[in-house]
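Colleague: Hi! Could you walk me through this one? I'm new to reading structures.

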Amino acid sequence: MDSSAAGNRREATRQKLYEAAVTLIAEQGFSATTVDEIAERAGVAKGTVYYNFASKSVLFEELLRHGVGLLTSSLREAAEETDRAGGRKVDALDAMIRAGLVFINRYPAFTQLYVAELWRTNRAWQSTLLVVRQQAVAVVEDVLRAGVGNGELSEEIDIPLTAAALVGMVLVAALDWQAFQPERSLDDVHAALSRLLQGRVSGTRA
């Protein structure tokens with residue numbers, strides 16, 4: 001087997017382990033989930049887990065990197081596609097909101113874990129979590145900064161806080177949608193958040 005095929009096979013195995021781990025940990029918590037259970041759910045031998053990850057904690061840390069990396073790439077691609085189409089920076093932000101909703105709809109268990117871990121302070125991977133969170137927020141910051149630079153957005157906005165607020169809005173709204181309003185469509189949720197983004201929530205008497 002050549003190195004390319006071996007690399008693809010290992011990546012496929014790691015993806016199985018990510019999916020198994022995130023599902024089990026979402027169901028029963030990190031402490032209660034064992035390596036044996038992760039291996040069984042992934043359909044691999046226990047030794048395969050340790051071949052790819054030194055420990056359960058390392059697996060979870062890499063899971064966070066992997067998941068947030070996918071989210072960050074989705075946000076960046078949405079912004080770049082809008083730029084190529086000649087859209088405004090607000091349009092890019094709107095496209096990023098939709099991309100975030102699509103990601104969360106596809107990976108709900110990971111999103112639940114990610115949001116839960118953001119509130120914990122005693123985890124070994126806390127520093128990693130802060131780094132990957134900033135990577136996602138930085139993509140939004142770049143779009144906001146460009147919008148301020150070209151005069152489309154107000155110079156008064158607090159770019160770091162606004163970027164974090166937009167990411168947080170999507171995360172919380174999407175989780176609320178899935179948990180309490182599952183009858184809503186993705187388009188419906190996106191439309192509601194889009195109106196907030198574009199300041200179209202005031203009534204005629206405002």
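Modeller: Happy to! Let's begin with a term: a salt bridge is a side-chain nitrogen of Lys or Arg within 4 Å of a carboxyl oxygen of Asp or Glu. This is a predicted model, where local features need pLDDT of at least 70, side-chain atom pairs count only at pLDDT 80 or more, and totals for chains, interfaces and linings use all residues. Residues are numbered from 1 along each chain as its sequence is written, and side-chain values use heavy atoms, leaving out hydrogens and water.

Colleague: How many salt bridges are found in the whole structure?

Modeller: A search finds nine. In one of them, R145 pairs with E141, with the closest N and O atoms 3.9 Å apart.

Colleague: Where do R145 and E141 lie?

Modeller: Both are in helix α7, four residues apart, which is about one turn of the helix. Helices here are DSSP runs (H or I, at least four residues), numbered from the N terminus.

Colleague: Is E141 buried or exposed?

Modeller: E141 is buried, at 11% relative accessibility, while R145 is partly exposed at 41%. Buried means under 20% relative accessible area, exposed over 50%, and partly exposed in between (1.4 Å probe, protein chains only).

Colleague: New topic: which parts of the chain does the pair D187 and R98 link?

Modeller: Their side chains form a salt bridge (2.6 Å, N to O). The pair links distant parts of the chain, with D187 in helix α9 (residues 186-197) and R98 in helix α5 (residues 89-106), 89 residues apart. D187 is partly exposed at 48% relative accessibility, and R98 is partly exposed at 31%.

Key
Helix = DSSP H or I, 4+ residues; strand = E, 2+ residues; numbered from the N terminus.
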